Amino acid sequence: MMLAYMDHAAAAAEPETIELAMVADAAECAAARDFGGLVGARPAAVVRPASADDVASAIQAAALTAHLTVAARGNGHSVAGQAMAEGGLVLDMRAVARRTQMQLVLPSGGAAFADVPGGALWEEVLHWAVSSHGLAPASWTDYLRLTVGGTLSNGGVSGQSFRYGPQVSNVAELEVVTGDGQCRVCSPSVHPDLFFAVLGGLGQFGVITRARIPLSPAPQTVKWTRVVYASFADYAADAEWLVTRPSERAFDYVEGFAFCRNDDPVNGWPSVPIPAGAHFEPSLLPAGAGPVLYCLEVALYQHHHQHPDDVDERVWEMLRPLKYVRGLEFAAEVGYVEFLSRVNRVEEEARRNGSWAAPHPWLNLFISARDIAHFDRAIINGMLADGIDGPMLIYPMLKTKWDPNTSVALPEGEIFYLVALLRFCRPSGTGGPAVGELVEQNAAVVDACRRNGYDFKTYFPSYRAQSDWAAHFGSKWARFVDRKARYDPLAILAPGQKIFPRTPSSSAARALV
C-alpha cells in the first residue's frame, strides 16, 4: 500500500525529481543510524526530494497509509535517533540543498538576507556568504557541518548566543511543509504561530525547506584568547560579568570548558593552549587547585575599518579585571572563517583515531546560574572529575536573547549555562568504559539535577514517555500539544522524538490530500 502511494506521488511530481530508495538492509542504510550510534531504526524508504513540493508529496503519500511516518534527516548528527523513522520514510534534506542555490536577498532599506535550503550545512552558508558577498550571519553553532533546518528545529547555540542570540532568534522567514502536506511561507508577521512553533519545535510541526537568514558585514580577523581558572566561583563570576556588559563594550564570543588537572591529551591541560605548540605551565597553578580547572574562551572580531591596536586595547580592557591565573593565558589572531571552522580539526583527528565512528553518548543541559555552582561541586567535581574523554563545555547565556514564542524549553533564570558533555568513546579495543556505562552516567546526571531541584532543561532532549515530555515543556506543554494538532494532526512528522503516536485516521488523511 505504501509503495502504491509513493509511486502515485512520484508520478504526480515533475519528472525525475523524487528519488525513492527502498531499504533492504538497515546495516547499509545511513538513515538507520546517526552520529550518536546508540540506537538504530530501519526506515521503509529514503526519499531524496529536489524541492519543497517533493517534500509535500512524500508527506501527503504518508498520510494515506496507516501508521506511516516521515522524518527529515539533515547531516545525521542527532545522537538519540531523533531523525529516524522506524518503518517510515526518511527525507534526505541534503538532496534538496544539492539542487537549490543560495540567494542573496536585498530588500529596500539596506538590509541583507540569505535564502538558504533547509538542508544546507552552515559551513556552506559561511563560505558562500563570506567569499561571494563579504557578509555573514551573526549567530553560529560551534560545529558547522550541521544543517540549517536541523539547528533551527532545536535552538542553535554557541559562544555568540549571549550577544547575538541563538540561531532561532536570527531568522527572518521560513518555508515550511507542515504535517498536512501544505507548503507555507511564514515569518513573525505572516503565519507567526507556525513560524515560532517550528523554531525549536523538534521537527514536530513541519519540515524546514528554506530559511531567510539576516546578514551583516563579515569580520576580517578574530582576536582569540583563552585564560585558565582554578576557582569555579571566579570563573563563573567573570563569565557572567562578560556576558552582561553593554554590547558596545563586550566580546563577540564567550565560551568555556572544564578540564582535568593532569597531562591527559584529551581530558587535561594539553587541550587548552592556542595556537598549536603553545605550552601550558602547570607550576603556575595555585597550591590549592583542585582536580578540575576551567578555561574561559573569548573572541573579539576585527573589521576592515578597525585599527588592530584599537581592537587589542578593547581586548585588554575586558581581560584586565578578570581573576584568571596570571601566566596561563593564550592568544591567537586568526581569520574569521578559520575561527568559525576550528572544530573541523577535532573532527579530522577523531576520524584519524577512529573515535568519530564510535558511539557518542552526548548530554546537553541548560542550567540556571542559580544552581550552576552546586552542579559544579556535585557533578563536575564529583562523578565527572576524571573527565569524559571529550569536551565539557560550560558557559552562560541570556534568556532575554530568546523569543518566548518559540517552542524551545528554557530554565526560569535570566542567566543560564549550557553544560555540554561531548563524549567521544574510545575505539574498540583501546580501553575506556563501555558505552552503556556512559549512558547510565548521563542518566545519573539528569537524575541528580532533578533530585537536587535544579532549574534546568535538557537541550536536544530525548524522552520516551509523554509525561516526561510534558514535564520538559512545563507551562508550554499545552501550547505544544495544540500546535501539534493544528499543523500535524496525524502525528506523521518526527517520530524518532517519541512525543506523539501516529494517528491512524483514514478519514482525516483523505481530508489532507
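Is Lys323 buried, exposed or partly exposed, and what is its relative accessible area? Lys323 is partly exposed, at 49% relative accessible area. The model is predicted.

**Salt bridge Asp238–Lys323**

- Asp238 and Lys323 form a salt bridge in which the closest N and O atoms are 3.9 Å apart.
- This pair connects distant parts of the chain, with Asp238 in helix α8 and Lys323 in the loop between α9 (308–319) and β14 (329–335), 85 residues apart.
- Asp238 has a relative accessible area of 4% and is therefore buried, the cut-off for buried being under 20%.
- Lys323, at 49%, is partly exposed, because exposed requires over 50%.

**Salt bridge Arg163–Asp252**

- The side chains of Arg163 and Asp252 form a salt bridge with an N to O distance of 3.0 Å.
- Arg163 belongs to helix α6 (residues 161–164), while Asp252 sits in the loop between α8 (232–243) and β12 (253–260), so the contact ties together parts of the chain that lie 89 residues apart in sequence.
- Asp252 is buried, with a relative accessibility of 6%.

**Salt bridge Glu349–Arg352**

- Glu349 and Arg352 meet through their side chains in a salt bridge of 2.8 Å, N to O.
- Both residues are in helix α11 (residues 343–353), and because they are three residues apart, about one helical turn separates them.
- Glu349 is partly exposed at 36% relative accessibility, whereas Arg352 is exposed at 61%.

**Salt-bridge network**

**Nonpolar surface patch**

- Leu38, Val39, Val435 and Val439 make up a nonpolar patch on the surface.
- Together these four residues have about 240 Å² of accessible area.
- Val435, one of the patch residues, lies in helix α13, which covers residues 435–451.
- Val435 counts as partly exposed, at 30% relative accessibility.

Note on methods
Residues are numbered from 1 along each chain as its sequence is written. This is a predicted model: local features need pLDDT of at least 70, side-chain atom pairs count only at pLDDT 80 or more; totals for chains, interfaces and linings use all residues. Side-chain values use heavy atoms; hydrogens and water are left out. Helices (H or I, at least four residues) and strands (E, at least two) are DSSP runs, numbered from the N terminus. Buried means under 20% relative accessible area, exposed over 50%, partly exposed in between (1.4 Å probe, protein chains only). Patches are made of residues with over 30% relative accessible area and no salt bridge: like charges are joined within 9 Å, nonpolar side chains (Val, Leu, Ile, Met, Phe, Trp, Tyr) within 5 Å. Accessible areas come from the Shrake-Rupley method with a 1.4 Å probe; for residues, only the protein chains shown count as cover.
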